[in-house]
Amino acid sequence: MGVKEEVEKRRTFGIISHPDAGKTTLTEKLLLFGGAIQSAGAVKNNKIKKSATSDFMEIEKQRGISVATSVMAFNYGGKQINILDTPGHKDFAEDTFRTLTAVDSVILVVDVASGVEAQTERLMEVCRMRKTPVIIFVNKMDREGKESFDLLDELEDKLEIKVRPLTWPIGMGDRFKGVYNLYEQNLNLFAGNKTGISSDVVPISDLADSQLEEMIGDEAAEELREEVEMIEGVYDPFDRESYLAGDVAPVFFGSAMNNFGVKELLDAFCRISPSPRGRETDVRMVEPADPKFSGFVFKIHANLDPKHRDRIAFLRVVSGVFERNTFYNHIRLDKKMKFPNPTSFMAQDKSVIDAAYPGDVIGLYDSGNFKIGDTLSQGEKFMFKGIPNFSPELFMELENQDPLKSKQLDKGIRQLMDEGVAQMFIQQPGSRKIIGTVGQLQFEVINYRLEHEYGAKCRFVPRNYTKACWITTDNDDQLTAFKRAKTNNVAVDKDDNLVFLAETSFLLTMAEQDYPDITFHQTSEFLLEA
Ligand code: G4P
């Protein structure tokens, strides 16, 4: 098979959701369809459990296990599907944001009862920013939840994207009878607690046919007809181009736990989702069809074993063919490197591979050469744009507790930041190090790892910032005045970009008003446009 065909058949995507909406369950059902696992429970056991939130060692252990399921590949319907796992745990949201840079599309799972929740909104913001095509799966239809039209309105409203149902539920909870596939015009009847992979799909070419009454009863039949008419009246016909442009999200209804509506989702996914896309670099756009290999690192996973400071860098192949034991350029370090043991992640199984194609994600063993965002290429000098930083929510100042170990502390903290465990902002005077995270857990992780891996001791002193904004301006005088007035709030990030650390949203708004020529960016994404 040629490279073009290999690229064509790949689909690399991520499943995102607010915790508990059913991401793990859905992932598992997709893997069952793909024959990648034989029984339910295989993925579930790797999930970071809610009960472990207060015990980060336990979480790290589970994260260790979950490396194996970071990427799950399987074949279905002639496609090679790569699912990139995204941690549902809120404290690892940054991990999820970065993983979203390595996918070509997303399936968003929403709980029919809870609707759109906070974390879903944030994740969706990232998708919108990157114009990632999104399919929405409304889960738990076997339970009572929000009325379907209301839910669609809520999705449009809160996720700021147009929606287009492609299946439609018949009732919900105890009255849930199945889904009508608007696209293929057939009915999938719900038999309750179905665990196998069979389905009772009945073709219905004409909803007016009285066989509908026979199958779902008079009341449900009438309701379905009315609702379908309404859908066709209210929503534009599904347009794949609009979906691919990230303007419209097709919506499916089902119950992951009961394996219901999942096949419709997967079949439609294979039909409409994009094959691997190109990525922008600081020099040019790189397309999957470019003959020479290139790729970027979007995630680094460190082993906790202090004796082996090995890390695994996850690299997404963007163009050409990655080959084992071949020299490639590490652009940032201007260094040639080859990899004897690159691994692929066919579900559950890590195995050494000889070649990888655009859309694939491979694991590279690393002893400290990689940072998140690094580019590897076959000669040409460019860096992929693409891994923005987002504002952390918790800020603490790092204090050295052992003056004799300050070198170790510096090295350790730098490496942990390279891995993306947290973000560091340096504040003058005194080069104070402010560490920003999205969850309390990261501070414990940093503390523990600095001590056990680098022999350094630190303490965290809370700082009452709540937001970091990257700032840019053409007005140098205003910037000088701003820096003078806000000494305690201005810092630089790892790449020396200026950052404003705000105590409250109110103070941020005030700063925006007082310094109209300064632009305050919520993420460092603007750097990618430069
Ligand atoms: P997450 O990865 O998004 O956090 O969610 P996960 O799949 O773990 O699902 C969260 C809970 O919702 C689980 O229950 C799961 O069984 C349940 N669930 C998933 N899909 C459906 C569905 O279609 N219908 C119903 N009724 N429930 C569903 P749990 O009690 O937390 O875990 P477990 O004891 O079932 O493993």
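**Notes on the surface patches and one buried threonine**

1. A patch of negative charge sits on the surface, made up of Glu147, Asp150, Asp153, Asp157, Asp218, Glu219, Glu222, Glu223, Glu226 and Glu229. Helix H6 (148-159) and helix H8 (218-234) are the elements that each give two or more residues to this patch, and H8 has the largest share, with six. For the terms: patch residues have over 30% relative accessible area and no salt bridge, with like charges joined within 9 Å and nonpolar side chains within 5 Å; a salt bridge is a side-chain nitrogen of Lys or Arg within 4 Å of a carboxyl oxygen of Asp or Glu.

2. A word on the model: it is predicted, local features need pLDDT of at least 70, side-chain atom pairs count only at pLDDT 80 or more, and totals for chains, interfaces and linings use all residues. Numbering runs from 1 along each chain as its sequence is written, and side-chain values use heavy atoms, leaving out hydrogens and water.

3. Glutamate 229, in helix H8, is exposed at 61% relative accessible area (exposed is over 50%, buried under 20%, partly exposed in between, with a 1.4 Å probe and protein chains only).

4. Phe506, Leu507 and Met510 make a nonpolar surface patch with about 270 Å² of accessible area together. Phenylalanine 506 belongs to helix H14 (residues 505-514) and is exposed, with a relative accessible area of 57%.

5. Now for the buried residue: threonine 12, in strand S1 (residues 10-17), has 1% relative accessibility and so counts as buried. A polar atom of the threonine 12 side chain lies 2.7 Å from the backbone oxygen of glycine 359.

Definitions and conventions. Areas by Shrake-Rupley, 256 points an atom, 1.4 Å probe, with all protein chains shown as cover. Lys, Arg positive; Asp, Glu negative; His and termini not counted. Charge placed at Lys NZ, Arg CZ, Asp CG, Glu CD. Helix = DSSP H or I, 4+ residues; strand = E, 2+ residues; numbered from the N terminus. Polar contact = N/O pair within 3.5 Å; in protein donor to acceptor, adjacent residues only side chain to side chain.
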